Amino acid sequence: MGQRQGELASITKAVRIADVAFERILCLVAPGIRERDLAAELEYQMNVLGSERPAFESAVVSGWRSAMPHGLPSSKKLEKGDFVNV
């Protein structure tokens with residue numbers, strides 16, 4: 001396998017891990033959960049699925065904070081009707 005094929009295989013694996021991890025946390029997206037708890041569960045699920053480590057801290061933000069594309073998770077709790085960026 002050439003370098004390019006190896007890189008594509010790694011990217012494909014990473015995308016699958018992220019996709020499945022996201023599906024696994026969707027049931028947790030509800031009023032009352034804190035952004036940082038949702039981010040921690042997402043990173044845990046990625047780890048369980050074979051991720052070596054996150055490339056960067058998960059940007060889980062909600063409500064007015066969802067306008068922050070590179071925002072870091074906070075102790076803000078999701079509220080009914082909040083837009084959530086994961």
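The model is predicted, and its secondary structure comes to two helices and two strands. Read from the N terminus, these elements follow the order α-α-β-β.

**Overall outline**
- The C-alpha trace of the chain spans about 50 × 25 × 20 Å when it is taken along its principal axes.

**How the helices cross**
- Helix α1 covers residues 3–25 and helix α2 covers residues 35–48, and their axes come within 9 Å of each other while crossing at roughly 135°.
- The crossing in which α1 passes α2 is right-handed.

**Residues at the helix contact**
- On the α1 side, the residues that meet α2 are Ile-17, Ala-18, Ala-21, Phe-22, Arg-24 and Ile-25.
- On the α2 side, their counterparts are Leu-38, Glu-41, Leu-42, Gln-45, Met-46 and Val-48.
- Sorted by class, the contact of α1 with α2 contains nine nonpolar residues, together with one polar and two charged residues.

**Rings and charge**
- The charged end of Arg-65 sits over the ring of Trp-64, at 6.0 Å from the centre of that ring.

Notes
Residues are numbered from 1 along each chain as its sequence is written. This is a predicted model: local features need pLDDT of at least 70, side-chain atom pairs count only at pLDDT 80 or more; totals for chains, interfaces and linings use all residues. Side-chain values use heavy atoms; hydrogens and water are left out. Axes are lines fitted to C-alpha atoms, for helices over the stretch in contact, and angles run from 0 to 180 degrees between N-to-C directions. Helices (H or I, at least four residues) and strands (E, at least two) are DSSP runs, numbered from the N terminus. A crossing is left-handed if the near helix is turned anticlockwise from the far one by less than a right angle, and right-handed if clockwise. Contact means heavy atoms within 4.5 Å. Ala, Val, Leu, Ile, Met, Phe, Trp, Tyr, Cys and Pro count as nonpolar, Asp, Glu, Lys and Arg as charged, and the others, Gly among them, as polar. A charge sits over a ring if NZ of Lys or CZ of Arg is within 6 Å of the ring centre and within 35 degrees of the ring normal.
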